[in-house]
Amino acid sequence: MAPARDTPFRSADMSMVQLYISNEIGREVVNALGELGLIQFRDLNGEQSAFQRAFTKDIRRLDNVERQLRYFHAQMEKSGIDLRKLDLDVDTLAPPTTTEIDELADRSQSLEQRVSSLNESYETLKKREVELTEWRWVLREAGGFFDRAHGNVEEIRASTDDDDAPLLQDVEHHISAPEVERSFSGMNIGFVAGVVARDRVAAFERILWRTLRGNLYMNQAEIPDPLIDPTNNEPVQKNVFVIFAHGKEILAKIRKISESMGAEVYNVDENSDLRRDQVHEVNARLNDVQSVLRNTQQTLEAELTQISRSLSAWMILVSKEKAVYNTLNNFSYDRARRTLIAEGWCPTHDLPLIRSTLQDVTNRAGLSVSSIINEIRTNKKPPTYLKTNKFTEAFQTIVNAYGTATYQEVNPAIPVIVTFPFLFAVMFGDLGHAIIMLCAALAMIYWEKPLKKVTFELFAMVYYGRYIALVMAVFSIYTGLIYNDIFSMSMTLFKSSWEWDVPEDYRAGGSLTAKLSDPNYRYPFGLDWRWHGTENDLLFTNSYKMKMSIILGWAHMTYSLCFAYINARHFKRPVDIWGNFVPGMIFFQAIFGYLVICIIYKWTVDWFALGLQPPGLLNMLIYMFLQPGFIDVQLYRGQKYVQIGLLLLALAQVPILLFLKPFYLRWEHNRARAKGYRGIGERSRVSALDEDDDAAAAAHGNGRHSVDSAGEGVAMMAQDLDDGDDDEGGDGHGHGGEFEFGEVMIHQVIHTIEFCLNCVSHTASYLRLWALSLAHQQLSAVLWSMTMAPAFSRSGIGGAIFMVVAFTAFFCLSCIILIIMEGVSAMLHSLRLAWVESFSKFAEFGGWPFTPFSFGQLLEESEELQEYMG
Amino acid sequence: MANGWSVIIGLVVVVAMSLAAWFFSPKGANQVLWRSSLILSIASCYLMWAVTFLAQLHPLIEPRRTDLRKEYIHH
């Protein structure tokens, strides 16, 4: 009987539905369903490639818009403009109409052109600016060379024109400066001036020197400010150089070499007046360029700022729109009736909601033909849809990390909500640490909204598990009280049941033993604090915690095993009850249930009062298997027979576990056969002709034939239902496909061996509860004795300072090692106990997850869109 | 007096609490969640307390220490 509504106990009831949507409102319908997020559409065009599909053209167009939007974003980042992020909790986006989307596309198209042309002109101008700046530097520096060079012109001349020097010497002495300048050309000395990157100067010099065999005079100066390379916006250090050389060919050669070294050669006039004019001109042009540049920059920034206000919204709209068309591509189109036909899974209980949504869309569009939605029957396995809320979400994630539960089996997350934090707490039991953890968890829950925006990954993970942390902390407080540990200290909440048995001649340092003060009084809650700090407290707590681990493990596994019964009953598989659950339970209880009863019984007996030797339970269990019938120390009368009986009972379950289910299934199968039923899709071979057919059918997958008899319109759809998604999960035991006794038998043998061995190994595995809790307790005791204990023994001002330091160390180390590290380790161990020890008892994990078409999920999961959302 | 009967009394109390949890769980889709979580928590906590209590009911060893000063003994 299906429950009246979906509960977290099982995955939701699912239905396969078919939608007939009028072609005109297809987009609107999908949009509305995306907002609703309750249908997982199936691909009905599996045989078509991505290019053949109907809406590929629209997707292309949207891809282009998306590219343009990303381009704007990149430009914004380049100019350092902040994006206005969209906070979906605050802003809501109305579903866009087609015209809005068209407008958006046109607008982004024209904006892209504008931005890119602005960018282009900006880059050209920038280049021009750099060139002019370089030229100005060359003019300035080269001028300096010339002025210095003129001082030396005499020597240059003297060295070059040694022969006729005396003739002209007197004339030369009297000429004025401009004439001297002209004399360069008279000397046939030319020069090349330019700018080269500083890291290339050495190579440049060397090449010049080698090619010209030293026939040059090179001068250079550093430009103090780095220049910006317009192509990649990186600063480059550059030098101005002026090379003087003799002869036209050599000068041409120098020019060529400069070009090949990536140097810019600039025209510099020899004449200082002309040069001055040049400088003026360059300065004027530079000013012009800079002002234009500023304007361009401003326009560009204004444009981008304008865009930045709505870019996020556009991006999200376009992503949604693309998702809509991608979904529409999965629909099949009936040309004759001009309708789109869609198919998908949806939760049965949400069908009315989907129906009303469809009706709304139709009404809004003013269409007379309403969309039709109808459930279809299928033998496909539905997806597993486990509804969660804020609290259960993280727990469900822990379970889903292991696997997806089979459709409608007991949701393994239900017991996990308590058992996982509780087993954690058994290992983490310390009141002090638990309180710190509780504060952290409560803080995260109290500031839930603001902390949600934190994107730091590690914190986001802890934040996601805040409710787990809360439950873990609450249970840890309880176990801390039970263990009577607060930062490894004890609390004297109640009167101890022990008192020291002091001899008359007691001296400090002598051995003291406690005795029970009142035979009728025991420490009422948790561990007696008198044990704290005694020599043999580990002896006592180890025995206690070890036994407790076994008892808790037994309880946990028995509880988990009971779910196997609930599952078997729900799926109406009585053979699973009689062939798996009952013998398994008897096997487990005969051995470990008995052990637990013995543990408890041993505790309840006052052995010394009876004058008996307390028996060792470990030996008892070992002898029970190795030497049945041998009792080392007797626990109770008739123990021998009980143990032999239990052992035989347990052994008797093994053949039942092994054979009952496979043989029952075979019997059932044969009976059905005898009555003439055949499996769906199965064919009998009547003639030789059929054999070919069979081979062909096998090649096509198993389905095809099943639908021959189904209705016409639906048939088309239902047909590829079978071969479409074979990957969605194999069929369960027995039904569908050929019954293979061998396979079932092997499966059962493995299950039996696994189950019996696991009973032993899993019980032993729970001893980790003892080990981890011992480790935690000892570690915090060590930390106390290394930090706080020495601090307490000092006095005076030094002692006070030491106390502050010691407490800081104590607190920090407590948080880092004992809470975070130990907490993580205890959590992992508890996780394993849930995944392996508990889940292996009942859960199949044979389902496939329900992933509806939902805008909410789309936006949440898309990495790319994260930067657009606040 | 906290003696052996406490375990039984505790059990009665815990069963009563479980029944209360069963009947007073808030109605709605999450009722099953409330019931299962509350009862499972109560049962686990009881189990742990009972085990701790039983382990100290008839102790086989006594606390022993050698580092006590005379003044401290009677506290």
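The model is predicted, so local features need pLDDT of at least 70 and side-chain atom pairs count only at pLDDT 80 or more, while totals for chains, interfaces and linings use all residues. Residues are numbered from 1 along each chain as its sequence is written, chains are lettered from A and ligands numbered from 1 in the order in which they are written, and side-chain values use heavy atoms, with hydrogens and water left out.

**Chain B**

- Chain B has two helices and one strand, in the order α-α-β along the sequence. Helices (H or I, at least four residues) and strands (E, at least two) are DSSP runs, numbered from the N terminus.
- Of the 75 residues in chain B, 47% are buried. Buried means under 20% relative accessible area, exposed over 50%, and partly exposed in between (1.4 Å probe, protein chains only).
- Accessible areas come from the Shrake-Rupley method with a 1.4 Å probe; for residues, only the protein chains shown count as cover.
- B:Trp5, B:Ile8, B:Ile9, B:Val12, B:Val13 and B:Met17 make a nonpolar surface patch of about 630 Å². Patches are made of residues with over 30% relative accessible area and no salt bridge; like charges are joined within 9 Å, and nonpolar side chains (Val, Leu, Ile, Met, Phe, Trp, Tyr) within 5 Å.
- One of these patch residues, B:Ile8, is in helix 1 (residues 5–24) of chain B. B:Ile8 counts as partly exposed because its relative accessibility is 45%.

**Transmembrane annotations**

- An unreviewed UniProt entry places "transmembrane region" at residues 7–25 and 37–61 of chain B. UniProt positions are given in the numbering used here, feature names are shortened, and annotations may be inferred rather than shown by experiment.
- Residues 7–25 of chain B are 95% helix and 0% strand, with end C-alpha atoms 26 Å apart.
- Residues 37–61 of chain B are 76% helix and 0% strand, with end C-alpha atoms 37 Å apart.
- In chain A, the ranges that UniProt gives the same feature name (unreviewed entry) include 422–447 and 796–821. Residues 422–447 of chain A are 88% helix, and residues 796–821 of chain A are 100% helix.

**Cysteines**

- The structure holds zero disulfides over all chains; a disulfide is a pair of cysteine sulfur atoms within 2.5 Å.
- A:Cys815 is in no disulfide, and the nearest cysteine sulfur, that of A:Cys812, is 6.9 Å away.
- A:Cys815 is buried, at 19% relative accessible area, and B:Cys45 is buried at 15%.

**Salt bridges**

- There are 31 salt bridges over all chains; a salt bridge is a side-chain nitrogen of Lys or Arg within 4 Å of a carboxyl oxygen of Asp or Glu.
- A:Asp63 pairs with A:Lys322 in a salt bridge, with the closest N and O atoms 2.9 Å apart. A:Asp63 is in helix 2 of chain A and A:Lys322 in helix 9 (residues 272–328), 259 residues apart.
- A:Asp63 is partly exposed at 32% relative accessible area, whereas A:Lys322 is buried at 19%.
- A network of salt bridges links A:Asp63, A:Glu66, A:Arg70 and A:Lys322.
- A:Glu535 forms a salt bridge with B:Arg64, with the closest N and O atoms 3.5 Å apart. A:Glu535 lies in a loop of chain A and B:Arg64 in strand 1 (residues 64–65) of chain B, so the pair joins two chains.
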